[in-house]
Amino acid sequence: IYATAVSGDKSKFAICDGARNEVVVRVIDIKTGTQLASSDKGLANSVCWSPDGDAVGFVADQKQIKVLDLKTKSEKSLLTLPFGYVCLNLAIGNNYFVYDCRTENIPKKTQKVKRMVVHSIAEQKELGTIDAIFNGSWVLADQGRKIICQIGY
């Protein structure tokens, strides 16, 4: 099963489409079925929407946090993780994004403490971290000002 996400206003759909290193993030208008934008090919996962619905965030090659801008139809890299670290979860909030930073690829349901990193988009710097047993999807609330996630079992 590949990553999917529906925009906050339920008008657009994002999907990681493809297999292995040939995955493309596609954004589709739900009403018309028109493709609105697509990313370059590669390994992609964890698609999510910006609160304003103008961008789709995703993780490329488990190392790069990227955004697909729907207005310009272009892809932009926000952050590359250091060697030895991977990311499997991502959420974009109101002028920030959060991602998990781990030293190895661990299945989502493993009871192991993981690090959530909060990163400012405008300032391009880390704002803080939270260490916990994160499981399941991360969901934004309050116009992207808050993130809701399951901790533990």
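Asparagine 89 sits in the loop between strand 8 and strand 9 (90-92). Strands here are DSSP runs of E with at least two residues, helices are runs of H or I with at least four residues, and both are numbered from the N terminus. With a relative accessible area of 9%, asparagine 89 is buried; the word stands for under 20% relative accessible area, while exposed stands for over 50% and partly exposed for what lies in between (1.4 Å probe, protein chains only). Its C-alpha atom is separated by 8.9 Å from that of methionine 116, which is 27 residues away along the chain.

A word on how to read these values. This is a predicted model, in which local features need pLDDT of at least 70 and side-chain atom pairs count only at pLDDT 80 or more, while totals for chains, interfaces and linings use all residues. Residues are numbered from 1 along each chain as its sequence is written, and side-chain values use heavy atoms, with hydrogens and water left out.

**Confidence**

The predictor's confidence in each residue is the pLDDT, from 0 to 100. For the chain the average is 88, and 93% of the residues score at least 70. Strand 4 (residues 35-38) has the highest confidence, at 96, whereas strand 13 (residues 134-141) has the lowest, at a mean of 80. Where pLDDT is low, the predicted coordinates should not be read in detail.

**The chain as a whole**

For 153 residues a compact globule would have a value near 15 Å, and the chain agrees because its own radius of gyration is 15 Å. Along the principal axes, the C-alpha atoms fill a box of roughly 40 × 35 × 30 Å.

Of the 153 residues, 41% count as buried. The accessible surface, from the Shrake-Rupley method with a 1.4 Å probe, comes to about 8,400 Å², and carbon and sulfur atoms hold 53% of that surface. Contact means heavy atoms within 4.5 Å. Among the contacts with a separation of 6 or more, 30% come from residues 24 or more positions apart.

For the charges, Lys and Arg count as positive and Asp and Glu as negative, with His and the chain ends not counted. Each charge is placed at NZ of Lys, CZ of Arg, CG of Asp or CD of Glu. The mean positions of the 20 positive and 16 negative charges are 3 Å apart.

Cysteine 48 lies in strand 5 (residues 44-49) and is buried, with a relative accessible area of 9%. Leaving out residues up to four places away in sequence, cysteine 48 touches Ala5, Ala55, Val56, Gly57, Leu90, Ala91 and Ile92.

Valine 118 belongs to strand 11. With residues up to four places away in sequence not counted, valine 118 touches Tyr96, Phe97, Val98, Lys125, Glu126, Leu127 and Gly128.

**Residues in loops**

Aspartate 61 is in the loop between strand 6 (55-60) and strand 7 (64-69). At 43% relative accessibility, aspartate 61 counts as partly exposed. Although aspartate 61 is not a glycine, its phi is positive, at about 55°.

Lysine 73 is placed in the loop between strand 7 and strand 8 (74-80). Lysine 73 also has a positive phi of about 55° without being a glycine, and at 51% relative accessibility it counts as exposed.

Threonine 103 is found in the loop between strand 10 (96-101) and strand 11 (114-120). This threonine 103 is exposed, at 51% relative accessibility. Not counting residues up to four places away in sequence, threonine 103 touches Gly84 and Tyr85.

**Some C-alpha separations**

| Pair | Along the chain | C-alpha to C-alpha |
|---|---|---|
| Cysteine 48 and glycine 93 | 45 residues | 9.9 Å |
| Threonine 103 and valine 86 | 17 residues | 6.2 Å |
| Valine 118 and isoleucine 92 | 26 residues | 9.8 Å |

Key. The radius of gyration is taken over C-alpha atoms; the globule rule is 2.2 Å times the number of residues to the power 0.38.
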